[in-house]
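Visitor: I've got the sequence and the model open side by side. Could you walk me through it?

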Amino acid sequence: MLQIENLHATVADRPILKGLSLTINAGEVHAIMGPNGAGKSTLSYVLGGRPGYEVTGGSVTLEGQDLLEMDPHERAAAGLFLGFQYPVEIPGVSNVQFLREALNSQRKSRGQEPLSGGEFLKLAKDKAALLKLDMDMLKRHVNVGFSGGEKKRAEMVQMGILDPKLAILDETDSGLDIDALRVVGQGINAIMRAPDKAVLLITHYQRLLEYVRPDYVHILSQGRIVKTGGPELAQALEREGYDAVMAPENANA
Amino acid sequence: MPEAGALPTRKDEAWRYAAVEALQGVPLDDWRTITVARGDAMRECVVVEDRADGAEGTVLHRLRVTVREGARCELFAVIAAELYARVEIEVTLGRGAHFEFGGVTVGGRDTVREFVTRVVHAEPEATSNQTVRSVHWGQGTGNFLGTIEVARHAQKTDAAQSFKGLLLEKGASVNAVPQLEIFADDVKCAHGATVGQLDEQARFYMAARGLSPEVARRLLVQAFIGDAFVALDDESERERLMRVALDKLDRHL
């Protein structure tokens with residue numbers, strides 16, 4: 001599904017990613033954890049194509065297509081969904097209008113017919129119910145006046161509507177209370193747990209991983225993946241902290 | 001006021017950003033006068049759009065409105081055509097009267113499009129609300145010169161004025177000249193002016209959901225100028241004014 005090889009990237013001429021390699025196969029859920037400043041958010045923005053994040057080496061393919069050659073909106077149409085750590089407010093544009101335009105833009109570029117207003121509303125209603133988000137929220141302007149938790153649930157409703165192949169979720173768990181965390185976790189499973197889909201969770205904490213159990217856990221440090229394991233690695237991190245878990249690697253460095 | 005026969009110059013405050021060289025041969029004393037009788041309400045939409053024959057030059061609309069006691073006047077306007085277009089409105093408000101104004105200018109090349117308003121709160125308890133949005137590109141210029149005068153005995157006046165400019169390209173400009181002359185002491189007069197560019201964060205967020213840069217830009221501009229017509233209660237008129245403005249933008253893209 002996603003193949004990252006020896007990826008190097010800079011932000012404002014500062015090297016952040018320094019030779020990151022990662023392969024995610026269809027049907028898998030991966031988690032990336034790491035201390036502040038390791039490059040976690042940079043990775044998600046580089047994969048999403050955010051302006052200002054410059055790739056200086058390496059390659060990334062999504063289902064064999066060169067991801068780095070595509071514009072951000074083409075990446076979305078190719079099946080990539082980027083869940084934002086800080087979802088952006090767009091005053092004056094309703095969620096319904098935004099998501100219908102987004103979905104139909106994606107469908108158009110894939111050669112599919114656009115959804116009618118009625119079909120779209122039904123889809124939106126289903127996905128909002130899945131995330132326990134009041135349908136009235138979707139009639140409001142994008143993320144405007146939403147609480148932190150509502151923004152994150154709205155992100156997952158967007159994901160449900162857009163139905164991507166690969167979701168990269170950047171700290172989707174931050175700002176969620178315990179109940180909302182469970183709802184969001186269950187939503188991710190319902191939308192993305194499928195043999196032909198994959199998820200990359202970027203998180204600081206183990207707790208989301210109790211709901212969305214990863215197949216692989218990676219530790220990102222100083223722009224590279226320094227350790228890979230199963231869910232037990234996340235538990236060890238939670239228990240012992242990055243310094244202790246990474247000590248053997250650091251000793252060999 | 002310039003003397004009859006003499007063209008105004010940019011030294012005249014009300015013509016400071018005007019394309020005064022484009023006034024040659026244009027009748028300047030062609031004021032249309034409107035009186036809204038006591039307790040009545042009137043609404044008018046002024047649209048400066050492309051002429052059928054494709055010609056362009058200078059267009060002036062000059063309105064002098066008297067709004068009698070308890071009456072209401074609503075004006076909405078779009079300036080989306082002509083090399084130089086100016087809509088100038090002088091309003092005198094009686095006791096408890098209301099004046100509502102929403103205006104949009106859009107334009108590129110080296111066009112100049114402007115609103116000039118003078119709202120006179122001549123009697124107590126009148127209210128006025130003005131919202132102007134300007135979107136320009138190329139070397140285009142949009143101006144809003146808005147004067148509010150509150151007479152000495154016009155207590156409980158409530159006047160508001162909001163201007164926002166959106167510059168899509170380097171080289172475009174907007175000018176806002178709010179001018180308040182207040183001689184009463186128990187009044188509310190609010191005014192605000194901002195100039196900015198399209199929100200880069202919002203553009204990337206929209207791209208990450210699959211919207212092309214053109215569609216994202218249209219949605220953001222639509223939301224931006226929509227402010228000016230929030231108070232326009234007639235949906236088909238609102239759509240007509242929005243369409244005139246957005247079509248001009250689309251042809252630029």
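This is a predicted model: local features need pLDDT of at least 70, side-chain atom pairs count only at pLDDT 80 or more; totals for chains, interfaces and linings use all residues.

Visitor: How many residue pairs are in polar contact between chain B and chain A?

Guide: Chain B puts 17 residues into the contact and chain A puts in 30. Counting pairs with both residues at pLDDT 80 or more, the number in polar contact is seven.

Visitor: Which residue of chain A forms a salt bridge with B:Arg209?

Guide: There is one salt bridge between chain B and chain A. Its closest N and O atoms sit 2.9 Å apart, and the partner of B:Arg209 is A:Glu155.

Visitor: Which element gives the most to the side of chain B that touches chain A?

Guide: Two elements of chain B give two or more residues to that side, α1 (200-208) and α2 (213-226). With seven residues, the top contributor is α1(B).

Visitor: What share of the area buried between chain B and chain A is on carbon and sulfur atoms?

Guide: On the chain B side, the residues touching chain A split into twelve nonpolar, four polar and one charged. The two chains bury about 1,900 Å² between them, and the share on carbon and sulfur is 70%.

Visitor: Which residues touch the most other members of the largest nonpolar core?

Guide: That core has 117 residues.

Conventions: Residues are numbered from 1 along each chain as its sequence is written. Chains are lettered from A and ligands numbered from 1 in the order in which they are written. Side-chain values use heavy atoms; hydrogens and water are left out. A nonpolar core is a set of buried Ala, Val, Leu, Ile, Met, Phe, Trp, Tyr and Cys residues joined through side-chain atoms within 4.5 Å. Buried means under 20% relative accessible area, exposed over 50%, partly exposed in between (1.4 Å probe, protein chains only). Contact means heavy atoms within 4.5 Å. Buried area is the accessible area (1.4 Å probe) that two parts lose on being put together, summed over both. A salt bridge is a side-chain nitrogen of Lys or Arg within 4 Å of a carboxyl oxygen of Asp or Glu. A polar contact is a pair of N or O atoms within 3.5 Å; within protein, one must be able to donate a hydrogen and the other to accept it, and residues adjacent in sequence count only if both atoms are side-chain atoms. Helices (H or I, at least four residues) and strands (E, at least two) are DSSP runs, numbered from the N terminus. Ala, Val, Leu, Ile, Met, Phe, Trp, Tyr, Cys and Pro count as nonpolar, Asp, Glu, Lys and Arg as charged, and the others, Gly among them, as polar.
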